[in-house]
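This briefing covers pockets and strand pairing. The sequence and structure come first.

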Amino acid sequence: ADSTRWFGQSRLATFAMGEWRMKAVKLSALLRQEWVEAQAAPFTGSLGGQIGLGRVGEGKFHFSRNFNLPTLNDRFWQSLGKTDLRPEKGYSTGLTWVFRCPDFSFELTGFQLILNDWILWQPDTTGFFRPGNLRKVWSRGVEGSGHWSLVVGSWKFQTSGRLQISKTTNVAVYGGSENVLGKQLPYTPKVSGGGSLRVSRGHFSAAY
């Protein structure tokens, strides 16, 4: 916004983490307190765990409270940034099943995120992209990923894939935006995925 001025941000944080294990059960917790520009951010943390399920794999879960500050680009990008953007804050949860064997592994996850004041860059009436706060967004969906390997003589083949199906919608809006209630957020795909293939022999490998 001003090429003769430096923009900065002072941040200080303290956190504590603990873990508890007993046979096939592991629990972990993280607590964090941050101060930004002499102001205390909300107290955040997460709780997660995994439980062995014997021959059928293992289960994992997590729950966290989230807080994200606007970036310097969000606030100070020349003529486009908004200095009065509110930070993002909300909660996320996830539940995962993991199955592993020597040559194959698979993960299936269900997740959801509820975030207040989601920051989104999108075009205004002039066609320029500008950041703004969305009052309340709900994202939920499932994600599956797999990995498979095969050895043939001195050759090793590895392939992996991922597929995510999600729905991310406005569930509450600020005045004047009622027409986007319940609609999928722009630039947030309902279906996304990817895959890879790697072939290796000795010290050399190729991947696509």
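What volume does the second largest pocket have? The second largest pocket has a volume of about 270 Å³. This is a predicted model, in which local features need pLDDT of at least 70, side-chain atom pairs count only at pLDDT 80 or more, and totals for chains, interfaces and linings use all residues. Residues are numbered from 1 along each chain as its sequence is written, and side-chain values use heavy atoms, with hydrogens and water left out.

**Pockets**

- A pocket is an open set of points on a 1 Å grid over the protein atoms alone, where a 1.4 Å probe fits, with protein on both sides within 12 Å along at least five of seven lines; lining residues have an atom within 4 Å of a point.
- A volume is the space filled by probe spheres set on the points, which are joined across faces, edges and corners.
- In the second largest pocket, 14 residues form the lining, and Val36, Glu37, Gln39, Leu69 and Pro87 lie nearest its centre.
- The largest pocket has a volume of about 440 Å³.
- Its lining has 23 residues, with Gln122, Gly132, Asn133, Leu134 and Ser177 the closest to the centre.
- β8 gives the most to the lining of the largest pocket, with 6 residues.

**Strands**

- Strands are DSSP runs (E, at least two residues) numbered from the N terminus, and two strands pair if DSSP finds at least two bridges between them.
- β9 (residues 155–172) and β10 (residues 191–201) run antiparallel, joined by 10 bridges.
- β10 is also joined to β11 (residues 204–207), antiparallel, by 4 bridges, and Ser200 stands opposite Ser205 in β11.
- The hairpin of β10 and β11 has 2 residues between the strands, and Gly202 in the turn has a positive phi of about 60 degrees.
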